[in-house]
Amino acid sequence: MTTRALRTLIACAILASPLSAQDPVAPNARRDQPLTAFNGSEAMRMFFAMEPYIAHARASWPEAKRRFLDGLPRQHTLFVTTRLRDANGRIEQVFVAVDSIVAKRIHGRIWSQILVVDGYRLQQPYDFAEEDLIDWMIARPDGTEEGNVVGRFLDTFRP
């Protein structure tokens, strides 16, 4: 990310919001809390602090991807995290519920309430290159989760 892009960054929101009854996450699952950086220096510190966790998530991604492609158990859902960008240079980190992975592209639906970037909406179909993956998580029907190393770090991070 360039310094110029960071300067134009108004906010970076990291969240997952509860949805309706069709929510693929168990009702007793832990909900993420929004974390917002409102200026470029806060965002830069947050992004820098996240890097080792992103590297860990990317290193473990091939096995999570293989399991998804082989077929997860019933009521297990794969979510990935990526960053959306809009024409104004704003960035928002969101969950995407994965529907398929084809030719190194992840296809799914945005599974976060959009608070910062323009042009995106909750449950909008969205696809992106695997290289833009930030994190992954498998949500289980009992409310537990696997993966989510970046998300767990962000639960304790304070800019």
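Good morning, colleagues. Please note at the outset that the model is predicted. The protein has 159 residues, of which 48% are buried. Its secondary structure consists of three helices and eight strands. Read from the N terminus, the elements follow the order α-β-β-α-β-β-β-β-β-β-α. Among contacts between residues at least 6 apart in sequence, 63% join residues at least 24 apart. The accessible surface amounts to about 8300 Å², and carbon and sulfur atoms account for 54% of that surface.

I turn now to strand E3, which covers residues 77-85. How much of this strand is buried? Eight of its nine residues are, so the strand is largely enclosed by the rest of the structure. Strand E3 has two pairings to consider here. With strand E7, residues 135-139, E3 pairs in the antiparallel sense over five bridges. In that pairing, phenylalanine 79 stands opposite methionine 137 of E7. With strand E4, residues 91-102, E3 again pairs in the antiparallel sense, over seven bridges. Here arginine 83 stands opposite glutamine 93 of E4. E3 and E4 also form a hairpin, with five residues between them. In the turn, glycine 89 has a positive phi of about 85°.

Let me continue with charged side chains. Side chains of opposite charge can pair when their charged atoms come close. The structure holds nine salt bridges, and I shall discuss some of them.

Another salt bridge links aspartate 127 with arginine 105, their closest N and O atoms being 2.8 Å apart. Aspartate 127 belongs to strand E6, residues 125-129, and arginine 105 to strand E5, residues 105-110, so the pair ties together parts that are 22 residues apart in sequence. Aspartate 127 is partly exposed, with a relative accessible area of 32%, and arginine 105 is partly exposed at 33% relative accessibility.

A further salt bridge brings together the side chains of arginine 140 and glutamate 146, at 3.1 Å from N to O. Arginine 140 is partly exposed, at 26% relative accessible area, as is glutamate 146, at 21% relative accessibility.

Finally, Glu63, Arg66 and Asp70 are linked in a network of salt bridges. Thank you for your attention.

How values were computed. Residues are numbered from 1 along each chain as its sequence is written. This is a predicted model: local features need pLDDT of at least 70, side-chain atom pairs count only at pLDDT 80 or more; totals for chains, interfaces and linings use all residues. Side-chain values use heavy atoms; hydrogens and water are left out. Buried means under 20% relative accessible area, exposed over 50%, partly exposed in between (1.4 Å probe, protein chains only). Helices (H or I, at least four residues) and strands (E, at least two) are DSSP runs, numbered from the N terminus. Two strands pair if DSSP finds at least two bridges between them. Contact means heavy atoms within 4.5 Å. Accessible areas come from the Shrake-Rupley method with a 1.4 Å probe; for residues, only the protein chains shown count as cover. A salt bridge is a side-chain nitrogen of Lys or Arg within 4 Å of a carboxyl oxygen of Asp or Glu.
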